Amino acid sequence: MTKFKSDFLWGGSLAANQCEGAFDEDGRGLDLMDVIPGGLEARRAAYASPLDYMDENVEYAPNRQAIDFYHHYKEDIKMFGEMGFKCLRISVNWTRLFPNGDEKNPNEKGLAYYDSLINELIKNGIEPLITLNHFNVPLYLAKHYGGWSNRKMIEFYCRLVRLLMTRYKGKVTKWLTFCEINVGLRIPYFTLGLLYKKGDDIKQKQYQAIHHQLVASALAVKIGHEIDKDNKVGCMIAGGVTYPYTCNPSDVLKAFEDNNQELMMTDVQVFGEYPYHMINKMKKEGITIQIEKDDNEILKNNTVDFVAFSYYASKVVSSNPRIKNNNFGKIQNPYCEASEWGWIIDPEGLRITLNFLQERFHKPLFIVENGLGAIDTVEEDGSINDDYRIEYLKAHIEQVKLALDDGIDLMGYLTWGPIDVISATEGQMAKRYGFIYVDRDDQGNGTLKRSKKKSFNWYKKVISSNGEDLDNN
């Protein structure tokens, strides 16, 4: 069987808005995740109708404190280094550098923090991979500019990009332009910065906002290549192939359409032009986006260097309206188990997804999120025996090995998140992913003490053996 290459990037991924906290320190401004409540039902309601739920004076918004990575990053990075991480994917909080988002000059205290964070990673032998925008549109830009539906956002974003790529030249060479850009059609609040009430027709704004993000992504590639020839700038999507529920041709067609929709933004980022199916979809839905005269040339001449993706679950769709969906709008796969939150557990789907993306895009691939959200129990002796997480990750890495044997060009494998963080979709701490436990609950109580789970030493062994030793013993 094909082995992982010697420079394969093992590690983990974090997002600033889900881990940093310190929302009111050192000049940071508010972003959209700071003004909505936590908890599964409240968070879903807020995403469906943010104008009814967002509140600058909210009593408790979990992202404001998160796990206080802002003050614990040295301790946490030391533990990542102990596991042998080759790479840590981080994001920068836009409002820590530009509190409103439209300032000309950055916040120096914010820069000092990221200077120290990146230096700490390098000191521990960990390569930084920076996501330039990960679900943290500044609140001011959403309220005063309309988020990404306003073309001015491209200018503000490129100012952020140029600042970071210039400052960290020689220290950071791998970048992602946006996190899960395809999620903009499902949750336009935190991805596109759109404000709306339930029932509002915002499709025109969504597609215009997506176009602006695609142009901004291409300009980030251009800026990256101009600043440092060693820079590799990639795109990122929420991955996971969609299966037809049956072999009924109507189901197969529906799955085909679903896969196209999930990948249409990546088509633009990889091939430099809008795919026929996206153009036709907008035409059928009566959507006409404003494209400036240089946009098509920008898209064509600045395609991404690699394709990164998250993988948690595959999906199933049916053309039969009587087939019952699960909580996430998809059908439960009868051949797969599900997590405590209803996410389909399908390790083989990762191998299928890798092959699907390689065949479509012919670019190096990078798994930058994969993990199991679960409830962890702290035993009386302080141990946390998360064998279920080990088995989940082991099964997925085994499928990655098989995909390598298929001929996949894979840069690395990063788990989400290597330390417990606030979940993005549920706003909970109870849904834990980490190798490191953080003593904090869904109400914000706890000491923030860090402790190793059983999976900590298991993943350490996986990395030290370069993926050869996956046994749980």
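This is a predicted model: local features need pLDDT of at least 70, side-chain atom pairs count only at pLDDT 80 or more; totals for chains, interfaces and linings use all residues.
1. Helices (H or I, at least four residues) and strands (E, at least two) are DSSP runs, numbered from the N terminus.

2. Local features need pLDDT of at least 70 and side-chain atom pairs count only at pLDDT 80 or more, while totals for chains, interfaces and linings use all residues. Residues are numbered from 1 along each chain as its sequence is written, and side-chain values use heavy atoms, with hydrogens and water left out.

3. F80 is in contact (heavy atoms within 4.5 Å) with L14, F85, L88, I126, P418, I419 and I436, leaving aside neighbours within four places in sequence. F80 is also one of the buried residues of α5, which include F69, Y70, H72, Y73, D76, I77, M79 and M83. Buried means under 20% relative accessible area, exposed over 50% and partly exposed in between (1.4 Å probe, protein chains only).

4. Helix α5 (residues 69–83) spans only 18 Å between its end C-alpha atoms, whereas a straight helix of 15 residues would span 21 Å; the expected span is 1.5 Å times one less than the number of residues. A kink of about 35° is centred on E75, the bend at a residue being the angle between axes fitted to the seven residues ending there and the seven starting there. G84, with a positive phi near 95°, follows α5.

5. R89, in strand β2 (residues 87–91), counts as buried because its relative accessibility is 0%. Its side chain makes a polar contact of 2.8 Å with that of T131. A polar contact is a pair of N or O atoms within 3.5 Å; within protein, one must be able to donate a hydrogen and the other to accept it, and residues adjacent in sequence count only if both atoms are side-chain atoms. Beyond four places in sequence, R89 touches residues including G12, H134, C179 and E369.

6. I210 lies in helix α11 and is buried, with a relative accessible area of 0%. Not counting residues up to four places away in sequence, I210 touches L185, L192, M265 and M278.
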